[in-house]
Amino acid sequence: MSVDVKYTTQATATGGRDGRAQTQDGSLDVKLSTPKELGGAGGAGNNPEQLFAAGYAACFLGAMKFVGGQEKIAVPADTTVTAKVGIGPRSEGGFGITADLTVSLPGLDKATAEKLVEKAHQVCPYSNATRGNVDVGLTLA
């Protein structure tokens with residue numbers, strides 16, 4: 001599969017899960033910390049799963065707006081996407097993640113909302129990147 005790249009960004013991490021991550025342009029600079037559940041100290045800082053959850057939620061909402069424009073469906077201004085990301089050992093070895101997206105589309109009827117969410121799941125870059133590799137659940141709130 002080829003991609004006609006329209007935008008590229010770059011981020012660098014130092015120190016692993018207990019270090020820092022920063023974009024090349026400096027607009028994002030986060031302290032990283034390992035959650036207690038994964039053997040870390042927890043505390044101040046973010047972890048890669050939180051960053052992935054935020055990115056997936058924002059990207060999926062953008063995909064719904066894109067599909068809404070194509071399908072002439074007005075996406076309500078107060079629409080939200082909440083991404084819940086889990087991490088743990090895989091039965092095959094190594095570690096894996098799970099993702100569950102909960103979508104709230106106030107004012108849209110259920111059939112229209114379901115159609116919008118399903119089509120967004122087909123065009124969202126995060127959904128395409130995870131398909132076949134990560135269990136992704138979709139729920140309408």
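1. The side chain of Thr23 comes within reach of the backbone nitrogen of Ser27, at 3.2 Å. The model is predicted, and the distance of 3.2 Å for this Thr23–Ser27 pair is a computed value.

2. Thr23 lies in strand E2. Its relative accessible area is 14%, so Thr23 counts as buried, the cut-off being under 20%. Leaving aside residues up to four places away in sequence, Thr23 touches Gln10, Ala11 and Leu28.

3. The sheet is open and consists of three strands in the order E1-E2-E3, with antiparallel pairing. Its edge strands are E1 (11-14) and E3 (29-31), each of which pairs on one side only. From one strand to the next, the twist averages 10°.

4. Strand E2 (residues 20-23) and E3 run antiparallel and are joined by three bridges. Within this pairing, Ala21 has Val30 of E3 as its bridge partner.

5. On the cysteines, a search of the whole structure returns zero disulfides. Cys59 takes part in no disulfide, and the cysteine sulfur nearest to it, that of Cys124, is 3.7 Å away.

Conventions. Residues are numbered from 1 along each chain as its sequence is written. This is a predicted model: local features need pLDDT of at least 70, side-chain atom pairs count only at pLDDT 80 or more; totals for chains, interfaces and linings use all residues. Side-chain values use heavy atoms; hydrogens and water are left out. Two strands pair if DSSP finds at least two bridges between them. Helices (H or I, at least four residues) and strands (E, at least two) are DSSP runs, numbered from the N terminus. Axes are lines fitted to C-alpha atoms, for helices over the stretch in contact, and angles run from 0 to 180 degrees between N-to-C directions. Buried means under 20% relative accessible area, exposed over 50%, partly exposed in between (1.4 Å probe, protein chains only). A polar contact is a pair of N or O atoms within 3.5 Å; within protein, one must be able to donate a hydrogen and the other to accept it, and residues adjacent in sequence count only if both atoms are side-chain atoms. Contact means heavy atoms within 4.5 Å. A disulfide is a pair of cysteine sulfur atoms within 2.5 Å.
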